[in-house]
Amino acid sequence: MQVSNFPVSDQSIELFEQSIRNRLEQYAFSVQVPLTHYEQSGQQLNADSTDYITNHLEVTLIELRYLINELQLLQTLKQY
């Protein structure tokens with residue numbers, strides 16, 4: 001990863017790290033959503049519940065990719 005030589009304050013890194021922690025907590029809460037939806041739909045995988053669960057999982061995958069990238073960026077910033 002190429003890093004530009006721009007000043008990054010410790011406060012900025014702390015805020016970025018807090019943002020990542022908050023998103024990790026949000027992820028922990030959202031993990032239950034597909035299972036809860038499945039249970040509320042009478043534990044049936046019909047077209048509606050399958051679409052809902054599939055969409056939720058696809059969005060979760062995208063969010064996790066962003067989170068992984070940000071964790072890697074945080075580590076890089078902490079090295080400089």
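Biologist: How far apart are the mean positions of the positive and negative charges?

Modeller: Lys and Arg count as positive, Asp and Glu as negative, and His and the chain ends are left out. Each charge is placed at NZ of Lys, CZ of Arg, CG of Asp or CD of Glu. In this protein there are 4 positive and 10 negative charges, and their mean positions sit 9 Å apart.

Biologist: Before we go on, where do these coordinates come from?

Modeller: This is a predicted model, with local features needing pLDDT of at least 70, side-chain atom pairs counting only at pLDDT 80 or more, and totals for chains, interfaces and linings using all residues. Residues are numbered from 1 along each chain as its sequence is written, and side-chain values use heavy atoms, leaving out hydrogens and water.

Biologist: Which secondary structure elements does the protein have?

Modeller: Helices (H or I, at least four residues) and strands (E, at least two) are DSSP runs, numbered from the N terminus. Here you get three helices and zero strands, in the order α-α-α.

Biologist: What does the radius of gyration say about the shape?

Modeller: It's taken over C-alpha atoms, and the globule rule is 2.2 Å times the number of residues to the power 0.38. A compact globule of 80 residues would come out near 12 Å, but this protein has 18 Å. Along the principal axes, its C-alpha atoms fill a box of roughly 55 × 20 × 10 Å.

Biologist: And what share of the contacts links residues 24 or more positions apart?

Modeller: A contact means heavy atoms within 4.5 Å. Among contacts in the protein with a separation of 6 or more, such pairs account for 67%. Take phenylalanine 16, in helix α1: beyond its neighbours within four places in sequence, phenylalanine 16 contacts Glu70, Leu73, Leu74 and Leu77. Phenylalanine 16 and leucine 73 are 57 residues apart in sequence, yet 9.8 Å apart C-alpha to C-alpha.

Biologist: Is histidine 56 buried or exposed?

Modeller: Buried means under 20% relative accessible area, exposed over 50%, and partly exposed in between (1.4 Å probe, protein chains only). Histidine 56 counts as buried because its relative accessibility is 19%. Histidine 56 lies in helix α3 (residues 47-79) and touches Ser30, Val33 and Pro34, not counting residues up to four places away in sequence. Overall, 15% of the 80 residues count as buried.

Biologist: Why does proline 7 count as exposed?

Modeller: Because its relative accessibility is 78%. Proline 7 lies in the segment before α1 (10-30), and its C-alpha is 9.2 Å from that of tyrosine 80, 73 residues apart along the chain.
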